[in-house]
Each structure stands twice: as structure tokens, then as C-alpha cells.
Amino acid sequence: LEGVCVPACPSNYLGLNGKCIPCNEECKGCTGTCSNCINCANGYFKLGSSCVKTCYPNQFVDYTNGICVTCNDKCKTCSSVEFCTTCANPQAVPVNGVCNDCSYPCKTCGTSPSVCTSCVDGFNLIGTTCIAACPSGAYPKNGVCICTTGYVSSNQCVAKCPTGFGNVGGQCTKCQDNCANCEGSASTCTACLNGYALDQVS
């Protein structure tokens, strides 16, 4: 405001060293400095004390309050705090907006993201893998592929588990070292590898 004395600076100006200085164009009022926005101009959103046209990729715009809000830690991008559109874990895919630490289509996982313990809707668990359709000789039951006869081995049904594996809950599971076969649990040997004898003492 050149050459005019005013008791207070007008809207969107900052009084600094006896002069009225315009706030930055993205601001709707400022304090302390021209870039420290009180509110934002149309088309801008509040991010801390700044106003931006676009929020960071891991944020979404809260249009009601005109602010940038950070997604939750499991989201890479989101449309609300709890609704992920992509996941921080590159192996994961959001299911109904939720990201977990497992690889899609695992719903829950074990020792690593790809070792599934349950599957998202539309998939069935066979061994530690989620598949859309159970293999020949198996049928889906409560989200798990069950072999009509035999056991699950390498995501298919087999009449007999291979050497070193045994039936544990319908799955061919690796037996403990020195076991040729096991039954019920990996540590219950029913036969030994060559050079080892079965200890019958209990």
C-alpha cells in the first residue's frame, strides 16, 4: 500500500516493519512471514503452515477442512486415513481398503509375506498358497482345499507323501531331520532314513 497510512493492514496483508506486505498468493491471511498461511486460498490445501495445490503421495485431501492428512503407515496412497488405495508393502494389495503385511491373496501369513495361513475371499488355501480354484482331486471347505483322498503336497493332491515328509493335518509336512516319514507332527517319526533306527522308548 504505497503512500497510504492505515491503522491496520487489509485482509491478506502482513504488517512488517511499518509496511503492509501482501501474503503469498496461496495464503488467505498470514502471520509472522508472508508464507506462514493462516488459511488457504481457493484451490490450495493446508499442509502444516504452508498451502499447497497437491498433497504428498502418502496423503489425501480432507475437503471438509481443506487440509492434507497423512495416510496410516500401512498405506502408500489412500483416500482416507484408514482406506488404502495402494500398500506400503510392495507385495501387498489392499483388500477393501485394508493393507496387511502379507502378499496378495494371503489374508494372514506366517514366517514370510508369501507363506499364507488364510486367504482373501474368492481364494482357497492349499498348503501355504492361495489359489482361485482347488486342484483336481480336492474341494474347497471353509476357504481350504481338502483332498478327497490322499494328502496335499506341492499344491496338489498325492496318494502318499514323499520321503522326508509326513501327513500332518492332511498336509505333507517336512519331518524333523533323520525321519523318512512322520505322522501327526513333524517330530513323530514312523520310519527313519538309512543309518538311523527308530527309538521305541517313550
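Going by secondary structure, this chain has zero helices and 22 strands, where helices (H or I, at least four residues) and strands (E, at least two) are DSSP runs numbered from the N terminus. The radius of gyration is 31 Å, well over the 17 Å that the globule rule gives for 202 residues, so the chain is more spread out than a compact globule. That radius is taken over C-alpha atoms, and the globule rule is 2.2 Å times the number of residues to the power 0.38. Along its principal axes, the C-alpha trace spans about 105 × 35 × 20 Å.

A word on what you're looking at: this is a predicted model, in which local features need pLDDT of at least 70 and side-chain atom pairs count only at pLDDT 80 or more, while totals for chains, interfaces and linings use all residues. Residues are numbered from 1 along each chain as its sequence is written, and side-chain values use heavy atoms, with hydrogens and water left out.

Of the 202 residues, 30% count as buried; buried means under 20% relative accessible area, exposed means over 50%, and partly exposed is in between (1.4 Å probe, protein chains only). The chain exposes about 12600 Å², and carbon and sulfur atoms supply 53% of that area, with accessible areas coming from the Shrake-Rupley method and a 1.4 Å probe. Take the contacts (heavy atoms within 4.5 Å) between residues at least 6 apart in sequence: 4% of them join residues at least 24 apart. As for charge, the mean positions of the 10 positive and 11 negative charges lie 4 Å apart. Here Lys and Arg count as positive and Asp and Glu as negative, leaving out His and the chain ends, and each charge is placed at NZ of Lys, CZ of Arg, CG of Asp or CD of Glu.

Val-6 sits in the segment before β1 (13-16) and is partly exposed, at 37% relative accessible area. Its C-alpha is 9.7 Å from that of Lys-19, which is 13 residues away along the chain. Between β1 and β2 (19-22) there is a loop that holds Asn-17. Asn-17 is exposed, with 79% relative accessibility, and has a positive phi of about 55 degrees despite not being a glycine.

Which residues make up the largest nonpolar core? The 10 members are Leu-14, Cys-23, Cys-27, Cys-30, Cys-34, Cys-37, Cys-40, Ala-41, Tyr-44 and Cys-51. β3 (27-30) and β4 (37-40) each supply at least two of this core's residues. A second, separate core has nine residues, including Cys-71, Cys-78, Ala-92 and Cys-99. By nonpolar core we mean a set of buried Ala, Val, Leu, Ile, Met, Phe, Trp, Tyr and Cys residues joined through side-chain atoms within 4.5 Å.

The peptide bond from Tyr-104 to Pro-105 is cis, with omega near 10 degrees. Most residues other than glycine have a negative phi, and most peptide bonds are trans. Asn-89 belongs to the loop between β10 and β11 too. Is Asn-89 buried or exposed? Buried, with a relative accessible area of 18%. Beyond neighbours within four places in sequence, Asn-89 contacts Asn-100, Asp-101 and Cys-102.

Next comes Cys-161, in the loop between β18 (156-158) and β19 (165-168). Cys-161 is buried at 8% relative accessible area. Leaving out neighbours within four places, its contacts are Tyr-151, Gly-166, Asn-167, Cys-172 and Asn-181; the C-alpha atoms of Cys-161 and Tyr-151, 10 residues apart along the chain, are separated by 7.0 Å.

Asn-167 itself is in strand β19 and is buried, at 15% relative accessibility. From Asn-167 to Leu-193, 26 residues apart in sequence, the C-alpha to C-alpha distance is 17 Å.

The last stop is Asn-178, in the loop between β20 (171-174) and β21 (179-182). Asn-178 is partly exposed, with a relative accessible area of 33%, and its phi is near 80 degrees, a positive value in a residue other than glycine.
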